[in-house]
Amino acid sequence: VATLEQAFHATPPDLEAGRDLAEAYVRMHRATDAEAVLQRLAEAEPGDIATLVALERARTQRGDLEGASETLRRLAEADPRRARDWYQRLAQHALALHHDAEALDYAARVVQLNPDDATGHLRLGELYRARNDVPQAIASFRRALALNDRLYPTYFQLADLYLGRGDARDAVDLYRRVVQLAPDDELVARAGHHA
């Protein structure tokens with residue numbers, strides 16, 4: 001570790017030694033030191049994806065979700081191929097920080113980047129439901145089920161929304177669909193009971 005520290009703190013710094021040093025600090029349970037090294041590496045090489053991923057992980061483990069979110073925004077710019085993953089994590093962090101509007105925005109970006117992702121629509125629907133935006137939640141849940149008709153818990157969530165609006169017939173149709181499709185006897189029994 002001393003050799004790595006010396007190489008990393010030299011002028012110019014040995015960035016590879018810095019990566020090894022950060023890993024050594026992680027293994028030694030020196031999270032604050034590892035994060036400081038990763039932050040310095042990220043400043044030296046702003047587009048280095050591996051460093052940004054490690055920095056986001058370190059900040060998340062330490063509970064610094066604001067810092068982790070900032071790193072994820074940088075990752076979304078540096079790694080557009082995986083932007084959907086980064087926005088998904090941003091939505092989770094924003095939700096944990098009770099930034100509901102921000103979480104909704106990030107979840108909507110996930111769906112925009114991949115409109116055929118049933119899980120993305122499902123998560124967006126759950127966020128809309130948490131905000132009591134019933135029409136948007138219904139639309140997102142319906143889209144998720146159109147993309148993947150095996151999301152059985154989603155049928156129940158959608159049926160609850162329909163029942164809340166007084167649309168019992170639509171809810172019963174969803175329960176019948178579960179009875180027809182579900183391979184699990186417990187799900188079938190639950191759907192039959194609700195219907």
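A: The buried residues of H4 are covered by elements that include helix H2 (15–27), helix H3 (31–44), helix H5 (65–78) and helix H6 (83–96). Here contact means heavy atoms within 4.5 Å, and helices (H or I, at least four residues) are DSSP runs numbered from the N terminus. The model is predicted: local features need pLDDT of at least 70, side-chain atom pairs count only at pLDDT 80 or more, and totals for chains, interfaces and linings use all residues. Residues are numbered from 1 along each chain as its sequence is written, and side-chain values use heavy atoms, with hydrogens and water left out.

The residues of H4 that are buried are Thr51, Leu52, Val53, Leu55, Glu56, Ala58 and Arg59. Buried means under 20% relative accessible area, exposed over 50%, and partly exposed in between (1.4 Å probe, protein chains only). H4 itself covers residues 49–62, which is 14 residues. From first C-alpha to last it reaches 20 Å, close to the 20 Å expected at 1.5 Å a residue; the expected span is 1.5 Å times one less than the number of residues. After H4 comes Gly63, with a positive phi near 90 degrees.

Axes are lines fitted to C-alpha atoms, for helices over the stretch in contact, and angles run from 0 to 180 degrees between N-to-C directions.

Ala, Val, Leu, Ile, Met, Phe, Trp, Tyr, Cys and Pro count as nonpolar, Asp, Glu, Lys and Arg as charged, and the others, Gly among them, as polar.

Another helix pair is H8 (residues 118–130) and H9 (residues 134–147), whose axes come within 8 Å and cross at roughly 160 degrees. That makes H8 roughly antiparallel to H9. The crossing of H8 and H9 is left-handed, and the residues of their contact comprise eight nonpolar, four polar and three charged.

Conventions. Helix = DSSP H or I, 4+ residues; strand = E, 2+ residues; numbered from the N terminus. Parallel < 35°, antiparallel > 145°, perpendicular 65-115°, else oblique. Left-handed = near helix turned anticlockwise from the far one by under 90°.
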